[in-house]
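Here is a note for a colleague who has not seen this structure before.

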Amino acid sequence: MSTELLAAARAWAADDPHDGDRAEIEALVAAGGTAELAARFSGPLAFGTAGLRGPLRAGPAGMNAAVVTRAAAGLARHLLDEGSAGAGVVIGFDARRRSDEFARVSADVLAGAGFAVRVLPRPLPTPVLAFAVRRLGCAAGVMVTASHNPPDDNGYKVYLDEGAQLVPPADRRIEAAIAAVGPLREVPRSDRWETLGEEALTDYVAAVVRALDPERVPAADRAALRVAYTAMHGVGASTTRLVFAASGFAEPVGVPEQDSPDPRFPTVAFPNPEEPGAVDLLVALAARSGADVAIAQDPDADRCSVVVGDRQLTGDEVGALLADWLLRRGVRGTYAASLVSGSLMHALATAHGVRTAETPTGFKWIVRAGTDADPLVYGYEEALGYAVAPDVVRDKDGISAALAVALLAAELKASGRTLTDRLDELAREHGLFATGQLSVRVEDLALIADAMARLRAAPPAALLGRPVEPADLAEADPPVDAVRLLGDGVRVIVRPSGTEPKLKAYLETVVPVHEDAGLIAARGRGADELDQLRAEMSAALGL
C-alpha cells in the first residue's frame, strides 16, 4: 500500500463523522486492502447536473455520511453566496438503504448554516419533492434517491428555487463549494428543523388532478378502466393510488411482490422498467386480472412504462401518444423532447400548428424549452420520462404520466379501441416512426473517445442508401457531445452515455404506410431498416 494512499485513508477516517463508515476504512487499512482502498480513494464522486450518485461505501468515491455532509455544506455555501441566507430548503428521501439517514444529515447541516429546513414526513416520490420546492417557496430542494440504479447505490439530487434540476454553471459552482469544505468536525450542525405533515403530498395530489382535469372523461368510462400496476419495490404506490382515487378511477391492482418499498429489490435483476424481465410480473398480473393497461414506475416514481397485452410500449411510443392526447385536448404552447427522442411528436405538433423544441438530453433542458409566448406544456424523453403537467412538476413525473395514460386509455376503451390501436391510427396518418438503439458497453473509456473522433473525422455519407448530412452538436448552444446524421426519413444521434461506460446510437427511420401493404409490411420494413442501421453504424464507429 502506497504511503499516499495510506495517509489519505487514515485522514479520511479521522474526519469521518459516522462510526460505521470510519470503522469500514480502518478495517481496510488494517487488512491491507489496497485495491479496495484505491477504488474508494480514486477521487470524489462527481457532482453532476442532478447531484451525486454512487455505491454505498465509505470513502470519497462512495455515498456515505461524510460525502453527504460535504455535499450539504457545499450546497449551503452556494446558496449563501447567491444571497439566499435564511431561505427555505425542503428535503425528501426514498426507501433505499440510508436514505432517511442522509436526509437527516443534510437537514442538520443546512439548518446549522441558518436555513429554514423542512423534511418530508416519510419516503415519498421524487416528483413530490420537486413540487414542494416551489409550493413551499424554497431556495432549494434535496432528494436522497438513486432512482432506478442497483440496490447498493444511493444518490443526492438537487433542485434550485425554480423546482428544476441544475444546469451549468450552478452545478460547477456547487461542486467547487463542496471541494472547499474544510474539516467535517468544524461544519456547523443543528437539529432545529421541521418535519412536515401531509400537506405537501396532499397539495401535490390536488395539483396533478386539477392539471389533468379527469372530469373531461365521463365518470363511467373512468370507473370501467382496469389498470395493473407495479411500484417496482419503490415509493410510488401510495401516491399513485391517491391520485387515481381522486380522479375517479378504480384502484389499480398492484403486483403484490413489488407493491411495498424494499431496498433489496428482490424480484428484479435491475429496478428499471426498461431492463429485460423487469415487467414480467406486471405482464402476468395484467393477464390474470384482465387489465386494459399495465403501468410500471421506477423506484422513485419519476419514470413510467406502459404495457398493453404483452407489448411493452417504447418511450417514444408513449411520448407520442401523450402528445397526441394533449393536442387533441387543445393544449397549446411548446411541446419539447430531447434530441435522442423520436420525431413523431414533432410531426404531430407541427400538424396542429404548435411550437416544438428539441433540447439536449435531460429534463434539466426540457423544462426550460418554453418561451414567454409559448410556455412549455409537454415534454418527454425516450428513457420513459414525461412531463404532462410541467406547471405542477418541472421535471419528469411518473405519477402524473400514469394518470394521463389512464385517462387516454379510458377514452379509447369507450370507443372500443386501445393505446396500440391509436398508435396504428397515427402511423397510417403520419407514417411509421420506427426507433431503436445501438448500445456498445466498453471496459476502456478511451474506446468511446476514439469512436467519437472517428465518426467526426469520417461520418458516413449515406445510411439506408440515402444521403445524410452530419452535424457535430459539440458546436451547438449549449454544446452536446454528440453527432447527428440526418437524411430523408432517417436519423441517427451518437453520444456517450452520461451514466454508464457505453456509446449509444439512437436510430430512427420513417416508413410510409401504404393502403395496399398496410401496417404489418411497414413494421417489417421498419425492423429491417433498424437492423441495417445498427450494422452500418457499428461499421462507422469501428466498435
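1. On a 1 Å grid over the protein atoms alone, a cavity is a set of points where a 1.4 Å probe fits but cannot get out. Points are joined across faces, edges and corners, and a volume is the space filled by probe spheres set on them. By this rule there is 1 cavity of 30 Å³ or more.

2. This is a predicted model, in which local features need pLDDT of at least 70, side-chain atom pairs count only at pLDDT 80 or more, and totals for chains, interfaces and linings use all residues. Residues are numbered from 1 along each chain as its sequence is written, and side-chain values use heavy atoms, without hydrogens or water.

3. The largest cavity holds about 50 Å³. Its lining (residues with an atom within 4 Å of a point) includes Asp 94, Arg 96, His 233, Asp 262 and Phe 265. The lining divides into 5 nonpolar, 2 polar and 3 charged residues.

4. A pocket is an open set of points with protein on both sides within 12 Å along at least five of seven lines. The second largest pocket has a volume of about 260 Å³. It is lined by 13 residues, with Pro 44, Leu 45, Arg 70, Ile 178 and Ala 179 closest to its centre. Of the lining, 11 residues are nonpolar, none polar and 2 charged.

5. A nonpolar core joins buried (under 20% relative accessible area, 1.4 Å probe, protein chains only) Ala, Val, Leu, Ile, Met, Phe, Trp, Tyr and Cys residues through side-chain atoms within 4.5 Å. In the largest, of 77 residues, Tyr 335, Tyr 378, Tyr 386 and Leu 419 touch the most other members. A second, separate core has 51 residues, among them Leu 52 and Val 117.

Note on methods:
Nonpolar A, V, L, I, M, F, W, Y, C, P; charged D, E, K, R; others polar. Buried < 20%, exposed > 50% of the residue type's maximum accessible area, 1.4 Å probe, protein only.
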